[in-house]
Amino acid sequence: MTNIRAVTIGLCALNFLWAQQPDISARRIRAHVKFLSGDLLEGRGPGGRGGQLATEYIATQFMLAGLKPGGDNVTYFQGVPLTGVQTEKSAQFSASKGGQTIDFKWSDDFVGVNERLTADDRFEGDAIFVGHGIEAPEFQWNDFKDVDVRGKVLVLFTNEPASSDPKFFGGRALTYYGRWSYKFEEATRKGAVGVIIIHTTPTAGYGWEVVRNSWSGEQPYVKVEPGQHALSLAGWVTQESGEKLLSLGGHHVDELLKAADSRDFRPIPLGVRILCNLPTKVREIATRNVAGMVEGSDPKLKSEVVIYSAHWDHLGIGTPVNGDAIYNGAVDNATGCGILMELARAWAAQPKKPRRSALFLAVTAEEGGLRGSQYYAAHPEIPPGKTALAINYDGLFPFGRTRDVVVNGADRTTAWPVVEAVAKRMGLTIKPHPRPEQGTYYRSDHFAFAHVGIPAFSVELGEDFIGKPKGFGAKAFDDYNGQHYHRPSDEFQEAWDFSGLAEMARFGFLIGAEVANQDRLPTWRVGDEFLAAREKSGVR
Ligand SMILES: [Zn+2]
């Protein structure tokens, strides 16, 4: 796209912006966040009472705002059938070589799930170290080489080979290959019996406590089809336990971290036998996405939509920390839901609606691996080829307004000139993601939409907070990530300032409204990993 064309689109957006300024209220967003993160909602676990209450509340807000039902059978709900598995505390896992056996303790040393989703599973297998567990032909990288790992227990590190070259594993940014979910998927494709990820804080991007808290509660899974292979153990060990396991095989964490960064790396059989028993509570989970629609004003284009999304679920009730077992998820992600409901209200209140329709989608089971958004992507109300754009909100800090905004991935789509024009109009500077190495693009629901070709990104606050000292934003992030992220202390604070969230809602509103009015649907730019899926959906 040439600059001249970009400017033209920018001016169109500007005209539109003058015409309609959305009435977005920080006070209403605050009220939604306070309600959704209250103890009454029990941490909004999917399939529990708190989750039912949260979805009922969001659907009621959609109804009050005048949205039409966008779910199953003319309701606001899309049923998402999942299987919930919770590993019992009696779970055991040991490693032996020669006469020596090391036992690992559930939660302190390891966590994991039986992805076969069966109640009682016991297995043994030989451990083999496979580096980062990546096979990526486009980067000429294969950690497996020609080694058959069927029936083996793969020991690996999450993350990907270190790089500062943007053409090699995205440079500093993490690609999907670096995500733990990819490791489990690749191991499943290769027929492994289990995976043990050795946690280190730098490779994971967060501490052991986050891994433990995220994996010790019930995990939602899509059902395993008969005859489909699944891992008997998808698990993690602490760095300390990883060190013990590796030293049994004559190796060390530091040495293998280094070895894993080499293109010549070959899998290393550890000569260690893994024995595992994961007694598991299994139940059917009937959870749901909440969907509300505002019809477009153009008789033809109203069959197409702009999606706004936010996940409503959090971790429910789990391991107590300082006597508190309710994982309230105020920042993660009552904030996104508050924005979503306020956006829906403002959109429906417009006297003249944009040409295309808008779908407001509060999705379930994000924390358990983007299950709700994946389910929607596979069973969409409006097909991906008729979906213009998806704008997602996940985990925004209510610390006031910022001078900057982060729209990770928007520059990869042809909606970029609109995003730039709206930012300019609002006096916001677009900043690159401050921590691309954490792979945030693959860590929230917009990824599930991108996966089926829909141009999609999340809107996040930047770190340059107005009226706060330099470095405040980065410190706030470190503080939240280190002390509250996925912990019971992610709780509502009366002192919070929601003006920045209202600003981000306005920003997303204006982008969506402009895209909903344009003649052509946006797509992914040439060379992008999601362009093929977009073309498959019918959009060129
Ligand atoms: Zn989360």
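A residue is called buried under 20% relative accessible area, exposed over 50%, and partly exposed in between. The exercises below concern a predicted model.

**Exercise 1.** Classify E295 and K302 by accessibility, and find what links them.

Solution. 
- Step 1. E295 has a relative accessible area of 38%.
- Step 2. A salt bridge links K302 with E295; their closest N and O atoms are 3.5 Å apart. The cut-off for such a contact is within 4 Å, so the pair qualifies.

**Exercise 2.** Which parts of the chain does the salt bridge between R356 and E304 tie together?

Solution. 
- Step 1. In this salt bridge, the closest N and O atoms of R356 and E304 are 2.6 Å apart.
- Step 2. R356 is in the loop between α9 (330–348) and β18 (357–363). E304 is in the loop between β14 (280–294) and β15 (305–311).
- Step 3. The pair therefore ties together parts that are 52 residues apart in sequence.
- Step 4. As for accessibility, R356 and E304 are both buried.

**Exercise 3.** Describe the salt bridge of R189 and E186: where does the pair lie, and is each residue buried or exposed?

Solution. 
- Step 1. The two side chains meet with an N to O distance of 2.7 Å.
- Step 2. Both residues belong to helix α4 (residues 180–189). R189 and E186 are 3 residues apart there, which means a separation of about one helical turn.
- Step 3. R189 has a relative accessible area of 55%, so R189 is exposed. For E186 the value is 8%, so E186 is buried.

**Exercise 4.** How many salt bridges does the structure hold?

Solution. 
- Step 1. The structure holds 33 salt bridges.
- Step 2. Among them are the pairs R189 with E186, K302 with E295, and R356 with E304.

**Exercise 5.** Work out the order of the strands in the open sheet of 3 strands, and name the edge strands.

Solution. 
- Step 1. The order is β21-β20-β23, and the pairing is mixed.
- Step 2. β21 (429–431) and β23 (460–461) each pair on one side only; they are the edge strands.
- Step 3. Strand β20 (residues 404–406) and β23 run antiparallel and are joined by 2 bridges.
- Step 4. V406 has E460, in β23, as its bridge partner.

Technical notes: Residues are numbered from 1 along each chain as its sequence is written. This is a predicted model: local features need pLDDT of at least 70, side-chain atom pairs count only at pLDDT 80 or more; totals for chains, interfaces and linings use all residues. Side-chain values use heavy atoms; hydrogens and water are left out. Two strands pair if DSSP finds at least two bridges between them. Helices (H or I, at least four residues) and strands (E, at least two) are DSSP runs, numbered from the N terminus. Buried means under 20% relative accessible area, exposed over 50%, partly exposed in between (1.4 Å probe, protein chains only).
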